[in-house]
Structures are given as structure tokens and as C-alpha cells.
Amino acid sequence: MKLLRVPLVLAAAAMTLLASPVPQAEAEAAAPIPAANPDYDGDGKADVAATMIDDWEARFIRVWYGSGRVADIVADDLAATQYGVSYPLLARDLNGDGYTDLVVGTSDSSSARVQIIPGSAGGLQPANRHSFQVLNKAETTVTSFALVGSPVRRLAVGLSTYEGSHFDEQVRLYKLTNSGTPTGSPVTLVPGSGKVPSLFKRGGLGSSMDALGSQLFIGAPEAKVNGKAYAGAVLAVTLDSSGVKSTKTITQATKSVTGAVGKYDSFGNAVVARDGYLVVGTPGDAVGAIKRTGSIQVFTVSSKGTIKPVKRIAQNSAGIPGKAEPDDSFGGYLALGATCKGVPTVLVGGAGEVIAKHEDSDGSAWLIPLRTVKGCPAKQIYEGHGLPGEPNYRGIGGVLAFVRNSAETNDDLVIGGSGSLSEGPPGRLYRISAVGGVVTQLGADDIFDSVAGR
């Protein structure tokens, strides 16, 4: 497989999926111009980085720069084994130099490591990366990342270790220096220890994570709740300067959370937080009489950290296009950003959605504003409707992100499907611009794992 391909641009004038950004005349003259995000080379154009699988099933990272340049970061660039690059990515400016840095995990036969790849005027610089060991234990994989912003910055790393017959999970939080490197001993969150309930033991703790202010939200989609296996839960951790201040367990049994605890609901399979909202994906949720169709739970998070359930959204909810069917996996993947002049919006993936009658997992994405705004309806997006081509068992909606160009208030969408090397067609990855809705197919057909958003 050739590891560098030229992006294919597919312009579709009729595909205007998002409203135009705020006109320059409406902006306050004294307000700073928002920076692009992620922007690894500082040119004001948002960049897209994704983990991918090559023909030998080894994982690598491809970066599509806003300038049009494409570059790959392979295992050798990270001093990792051929199959040692983990799938999650985190894009944040850790050292405050104005360039977004990329965080990725690697593992070998005896340990797991975190690699912080710095951005620069020349783009990401793997040769200048900072690498540190997070767990000296065989069969350990990095499963997720999050950055806690206050009262001190901490990089949260989800870890899963195979113990022969089961997986043990933990989350480690590393305090960061001003230069974006870890310092001191990490805070370790282990199920059944400290303030982490035993409910989370072998529940997939850290399968997904996100942070907002001083709170860290950790998904555990395999947790047993009220005797229901794989019902799922979310651990909300509030941090102070010394470590964990408090924790709260959120499930579908939590007061005011709509829905019922069910076997294989997988509440917490995806967790995203931004702009005062927390959204939790429950891809196995039953909605009415329809089993395993999936839903999302929307919460507000106050400036004091109070978490309040707002609503449950599924395909049969008012204003949501599409039809709820078994095995849609609606809510299996999530991203949180802004559209319609800055309205908080969740991008929901349902990789199991059937579009063509002859396929099982064509996949789809939904763009759902979290506030009711005139002229800003929810939209369904799939191949043949908002994306070029025809549905073809790619699992569209399985790869999602928002990215933003400099001086804009609306985000570009990144939507893809992972595809398969052995059981189906390869995946595809698309970028949809906030201005004009132009659709760009990033690269040719490939196998995709994850993408780093803002």
C-alpha cells in the first residue's frame, strides 16, 4: 500500500449542510481572531489527522494539512513496533506556542507509552516528540485521551491490560508543565479503589473520555448496572489541585435520566463534553419496542460542575430525520462542536444504519443542534445524501470530528466510515466545509480508525 495519496476534491454546490459564518461586519472590532483548531503548522487552516490501517494491518497516522500537503507518521517514526500504534488521538496545544500538538499512544511486548508530537511552522515533528512510559506491563493498550483544563492541566490516559481471561482498566492523570510535558507521579483511577466504585471493575473504564473545566467524564460501556450486563455507566470525576475531589456515577438509572437500564445498552460507549454540555452515547439502547437501535443522552454542566439531564434523543425523536431500526447503533460515535453561527451541535454516528436494502451497515451521521434555533434543523448525512457516492457497507458515522478554520464561528465536519480489509469495501473519510458545504474526500479508499478533532 502506498502511504501517500493526493486528496480528491469533490465539490457539490448543492450540498450546503451548514450556515455561513458570522459576517466580518458583525464581529466586535476589538475581539481576537479565533485560531484554527487543530492547526499543526499555524497557517490558520484546520488540519485533519487520522489513524489508519495499512495492507499489513499495521496502524499509522495520516495528516491532511489545510494547505493541501499530506504526510504520514508511521511506527518507525515513533520508535514503536509495527503493530504498536494505538487508535486514539488527541489534538491540543500543550505547550502554548500556538501550534497544535498531537498525542498518540504506543505499546510493545512489555509496556505502554504516550508520545506527544509537537506542532511547528513545518507541521508535526515526530523527531522532536516527547515520549514517556505510562504502564510497565505486558499486553497494555492506550484506549483514550482527554485534557483536563483546571485547576491544573492534566493529561488523562485510559489504559486496558489483557490478563489472560479478562481486561483490567485504569485511567492515569499526568500533571503538565508549561512546556506540555508530564511532571510528578500520576493520579491513578482504578475501579474499587479510592473514590472509584467497584461497579466500574472490568466495565471498560476509559473506553471513551472527555473533559470540561475541572471535570473528567469517563465512559465504561461494559459496566453491569442493576444486574444488567454491559448496561454501561459514566464516571464524572471532579478534580482539585491535589487530585480527585469527588466522583459521581451516572447511568440510565440515575434520577431524571430518561430511558431504562438494559442489557447491552453500552451507555458511555462515546462521551463528549464542550460549551456547557455533556453528551453520552448509548448505541445498544432500546427505544420503545425497537431493540438495539441506540440513543444519546444530553446533559448540561454548569460553571459549578452541576450535571443536569436534559433529554434523550433517538431517531424517533421530534425533528430527527431517519427511522429507528434494530442494530442502527445510533450514538455509537460522537463529536461536539458548533454550527449555525456558533450553536452547540452534536455529530452522532450510527455505523449500523441500513440505507440500501442489500446492505447491513451502510452507516449514517446526524448533525443535531442542542438549542432550538430558527433555520437550523437536524440533518441526516450519508453517502448519496450530503456525501457523494452510494451506500456500500462502509459504516459511515464510525469516524467523526469537528475542525475549525481561523476566524470562523462554525466548524467543518469530518465524517467517515472505517471499512474493512477482509469483510467489505474499504472506508472513506470526508470533510465538509462550514462555508458553502463543499465536500472533500480525504485520500482514496482506505481503512480508518479514528480522527483528531478540536
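# A walk through the salt bridges, sheets and core

Let's start with charges: there are 13 salt bridges in this structure, a salt bridge being a side-chain nitrogen of Lys or Arg within 4 Å of a carboxyl oxygen of Asp or Glu. Before you click, know that this is a predicted model, where local features need pLDDT of at least 70, side-chain atom pairs count only at pLDDT 80 or more, and totals for chains, interfaces and linings use all residues. Residues are numbered from 1 along each chain as its sequence is written, and side-chain values use heavy atoms, with hydrogens and water left out.

**Stop 1: D285 and R312**

Select D285 and R312, whose side chains meet in a salt bridge (2.7 Å, N to O). This pair links distant parts of the chain, 27 residues apart: D285 sits in the loop between strand 18 (277-282) and strand 19 (295-301), while R312 is in strand 20 (residues 307-313). Strands here (E, at least two residues) are DSSP runs, numbered from the N terminus. Buried or partly exposed: which is D285? At 1% relative accessibility, D285 counts as buried, and R312 is partly exposed at 22%. The cut-offs are under 20% relative accessible area for buried, over 50% for exposed and in between for partly exposed (1.4 Å probe, protein chains only).

**Stop 2: the sheet around that pair**

Zoom in on strands 17 and 18, which pair in the antiparallel sense over 5 bridges.

**Stop 3: D411 and R454**

Next, pick D411 and R454, a salt bridge with its closest N and O atoms 2.9 Å apart. D411 lies in the loop between strand 26 (396-403) and strand 27 (412-419), and R454 in the segment after strand 30 (447-452), so to speak a link between distant parts of the chain, 43 residues apart. Both D411 and R454 are buried.

**Stop 4: a charged network**

Move on to R428 and D445, where the closest N and O atoms of the salt bridge are 2.9 Å apart. R428 belongs to strand 28 (residues 426-432), and D445 to the loop between strand 29 (439-441) and strand 30. Which residues share in the network here? Salt bridges with shared partners join E383, R394, R428 and D445. R428 is buried at 17% relative accessible area, whereas D445 is partly exposed at 30%.

**Stop 5: the nonpolar core**

Finally, colour the largest nonpolar core, which has 20 residues; V171, L173, L189, L216 and I218 have the most contacts inside it. Such a core is a set of buried Ala, Val, Leu, Ile, Met, Phe, Trp, Tyr and Cys residues joined through side-chain atoms within 4.5 Å. Strand 15 (233-240) is among the strands that each supply at least two core residues, and strand 15 gives the most, with 4. Click V171: its contacts (heavy atoms within 4.5 Å) beyond four places in sequence include L189, L216 and I218.

Keep I218 selected: I218 stands opposite L235 in strand 15. Strands 14 and 15 run antiparallel, joined by 6 bridges, within an open sheet of 4 strands in the order 13-14-15-16.

How values were computed. Two strands pair if DSSP finds at least two bridges between them.
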